[in-house]
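Open your viewer and get ready to select a few residues one by one. At each stop, we will look at what is there.

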Amino acid sequence: MSKIDSSLFNTQEPGPDWGDEPCPRCGGTLELRHGKHGAFVGCASYPACDYLRPLKVIEHDQDVEKVLEGSQCPLCSYPLAIKKGRYGLFIGCTHYPACHHVADINDQGRTDPSCPACNKGQLVARTSRYGKRFYACNHYPACRYVINERPVAEPCPECGFGILAERKGGLHCPNKGCGYQR
């Protein structure tokens, strides 16, 4: 008795549905390719023909995790839903292709503090290309104020700087000359 199940290696199974299909641009054969973002179907005569398409098509309804009952989109009044995206979970409008309202799931109930540098903009959460969160003024490029810790809309009692920053459960003043900590 063999430990290997021979039914797993049955070659009588039909191949993928794109295997017999010709390339729509040049008429060549299509084959499975692998790139940095995963598998895709591409033309076998690649550099002459650069046709490619994703292996599976994701519909807009497949990314919805849960519809939030009793919540409305501030732009179009459709219900909001928790969705799964490239960078994790987020809150978005269910009327997606027509409405592009998006909210971060981690920042619900918090107000953005005003920018201490220009006193015009708000400090909003952004994500760097490496996935690290930072807070920057929304009047960029006119104002280039950036802070890595989460800002709190409370002025420093020692120097009067417009915000305090949260670090390791405590608050400190992000102003370079001030050493206030709480």
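This is a predicted model: local features need pLDDT of at least 70, side-chain atom pairs count only at pLDDT 80 or more; totals for chains, interfaces and linings use all residues.

Start by selecting Asn119. Is Asn119 buried or exposed? Asn119 is exposed, because its relative accessible area of 61% is over the 50% cut-off. Now check the backbone: the phi of Asn119 is near 60 degrees, a positive value in a residue other than glycine. Most residues other than glycine have a negative phi.

Next, select Lys168, in the loop between β12 (164–167) and β13 (170–172). Lys168 also has a positive phi, near 55 degrees, and is not a glycine. The side of the story you can see on the surface is this: Lys168 is exposed, with a relative accessible area of 85%.

For another backbone stop, go to Tyr140 and Pro141. Which form does the peptide bond from Tyr140 to Pro141 take, cis or trans? The bond is cis, with omega near 10 degrees. Pro141 belongs to the loop between β9 (133–137) and β10 (146–147). Most peptide bonds are trans.

Finally, head for the largest nonpolar core, which has 17 residues. Select Tyr145, Cys156 and Cys173, the members that touch the most other members. Then colour β9 and β12, the elements that give two or more residues to this core. In soluble globular proteins, nonpolar side chains tend to be buried together.

Terms used: Residues are numbered from 1 along each chain as its sequence is written. Side-chain values use heavy atoms; hydrogens and water are left out. Helices (H or I, at least four residues) and strands (E, at least two) are DSSP runs, numbered from the N terminus. Buried means under 20% relative accessible area, exposed over 50%, partly exposed in between (1.4 Å probe, protein chains only). A nonpolar core is a set of buried Ala, Val, Leu, Ile, Met, Phe, Trp, Tyr and Cys residues joined through side-chain atoms within 4.5 Å.
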